[in-house]
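Dear colleague,

I am handing over the structure that we talked about, and below it you will find an account of what was found in it. Please keep the structure open while you read, so that you can look up each place as it is named.

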Amino acid sequence: MSWTYEAPLDHMRFVLEHVLDAPTHWKACEAFADLDLDTADAVLQEAARFASEVLQPLNAVGDVEGCVRDAEGRVRTPKGFPEAYQAFVAGGWPALPCTPDWGGQGLPLLLDAALREMLDACNHGWNMYPDLLHGAYETIKAHGSEALKARYLPKIVSGEWLAAMALTEPQAGSDLGQLRTRAEPQADGSLRISGNKIFISGGEHDLTDNIVHLVLCRLPDAPAGTKGLSLALVPKVLPDGSRNALFCDGVEKKMGIKASATCAMRYEGATGWLIGEPHRGLAAMFLMMNSARLHVGLQGLGHQEMAAQNARRYAAERVQMGRAIAEHPAVRLLLDRLEVMAQSQRVLAYRAALALDLAEHHGDGAVREREKRFAALLTPIVKAFCTHQGFHGPAAALGVWGGYGYVHEYGIEQTVRDARIAMIYEGTNEIQAIDLAQRKLLADGGATAFELLDALRAEQATGDPLRDFVDASRAQLRDWLDRARQDNSLLLESADDLLHGMAHTLLAWAVGRMASAAHRLPEAAAARQQALTGAFVRHAVPLGRLHWERALAAATPA
């Protein structure tokens, strides 16, 4: 059986129109006031065509070929990748969510999220190259000088130039306070950047002539730790056309996403320019990291959708013991779990993207502030939980194929390998859990979380077991906060279960919303939605309760 992809366009439309009521929200945003569902639908259909027809056939090819670095440090991507990228640029996809002021299409991040899900489902390795473009755009737009914006933003928005995010170093890992890369101010206002970076996705490749590196570094008077980090824009090609002094010393040989050039970079007095204020590099780069974390969560969602689709197709065709294995209870349960988890995470990830849209564009200032808080709360949950499921869901799906699941031609083993990295980069999932516990929950006493849960609870019917679970979770969150305040160190042990408890609670809302809107679907689809709701109540809700219980147990003083 071939490994194929059919974009879940019907469910995407259902989520946009009936679950999130996106058109009503768009009308409250001047930037999106003229956007309607027909236009959104046309965008999604064309994105689905590009993903399934152009990218998906290159997925296995890229996994086999990988990237090759020559003796001079140049990196060649797999066959077909440069041509696919040029088609991506020609289609205007990099410009989708960017402001028209810089040549963008001015469409919502919500539609961009749907695009990213499809690209990641079909070819995670390829999508690693353009996935950082929007974050680089946001960072330069918010913190770059007028000269830098004029020089670099149009090229980034169009996709003519790609971007790379150069954070960590061999001795640092996730502890960015240990970074040593130096930035020496020059008389002309530029910086000379010297140091070594590792794990730089797209640090060198052949998709574009220029690559804009955003590099964390230290000025001579920098204080120690993360408070001494600055951010510099360091292009591969300088404005005069000469080659900058940055070099790829190697491409990592990885477990998965082998088509993505993960580079060890060396900067030898490379010319760069300061982005934002001195020693405030992390604050400037936060926009890029926040965007990247949502995108990484969408990688997990894409992998789940791809695995669920192909597992169901294979199970319907594979006959064992006289019947298709899709009819065997254990397989049927697994398939239902895969499907409802992917659907509910789509709602959650799209709600986070909608929050980012409303935080920037809504006409009411109070709504903008509320959605900014919601986006900050949802981002670590989407990143960590969707990538956790993005690996564990396909890993479970592999069993549907039995021994064939280990064979490359069947596709699922590549999905499992590719998906695993997303739990690690852009802040490991454990770091996301600590961020949620410390900075998002304890910092405001849970006020934002309770505000969100109360808003979601109001959308659910009384007596609904999903609403009952949300109510119970709200009480458990209050209990956790009380215990964590008594002994702050306990939250570190409980953070991972806390995040998973919060995620299951939010998914319960998502499933409830889908169930309540199911009457708008065709009869067969509505019945299917109700069946999936039952599967979630029977199997996911008990798991959510377990995570809450473990979080509370870990937060209880001995």
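Thr415 is buried, since its relative accessible area is 5%, and buried here means a value under 20%. Please bear in mind from the start that this is a predicted model. The place of Thr415 is in helix H11, which covers residues 412–420, and, if neighbours within four places in sequence are left aside, Thr415 is in contact with Trp3, His303 and Pro394.

Val237 lies in the loop between strand E7 (230–235) and strand E8 (246–251). Not counting residues up to four places away in sequence, Val237 touches Asp209, Asn210 and Ser242.

The next part concerns the strands. Strand E5 (residues 191–201) is mostly covered, with eight of its 11 residues buried. Which strands pair with E5? Strand E4 (residues 182–185) pairs with E5 in the antiparallel sense over four bridges, and Arg182 stands opposite Ser194 in E5. The hairpin of E4 and E5 has five residues between the strands, and in this hairpin Gly189 takes a positive phi near 95 degrees. Strand E9 (residues 262–275) also runs antiparallel to E5, and nine bridges join the two; here Ser201 stands opposite Thr262 in E9.

The last part concerns two helices. Two packed helices are described by the angle between their axes and the distance between the axes. The axes of helix H10 (residues 365–397) and helix H12 (residues 429–442) come within 9 Å and cross at roughly 155 degrees. Because angles over 145 degrees count as roughly antiparallel, H10 is roughly antiparallel to H12. The crossing in which H10 passes H12 is left-handed. On the H10 side, the residues that meet H12 include Ala376, Leu377, Pro380, Ile381 and Thr387, and on the H12 side the residues in this contact include Asn429, Gln432, Asp435 and Leu436. By class, the contact of H10 with H12 has seven nonpolar, four polar and three charged residues.

With best wishes

Definitions and conventions
Residues are numbered from 1 along each chain as its sequence is written. This is a predicted model: local features need pLDDT of at least 70, side-chain atom pairs count only at pLDDT 80 or more; totals for chains, interfaces and linings use all residues. Side-chain values use heavy atoms; hydrogens and water are left out. Axes are lines fitted to C-alpha atoms, for helices over the stretch in contact, and angles run from 0 to 180 degrees between N-to-C directions. Angles under 35 degrees count as roughly parallel, over 145 as roughly antiparallel, 65 to 115 as roughly perpendicular and the rest as oblique. A crossing is left-handed if the near helix is turned anticlockwise from the far one by less than a right angle, and right-handed if clockwise. Contact means heavy atoms within 4.5 Å. Ala, Val, Leu, Ile, Met, Phe, Trp, Tyr, Cys and Pro count as nonpolar, Asp, Glu, Lys and Arg as charged, and the others, Gly among them, as polar. Buried means under 20% relative accessible area, exposed over 50%, partly exposed in between (1.4 Å probe, protein chains only). Two strands pair if DSSP finds at least two bridges between them.
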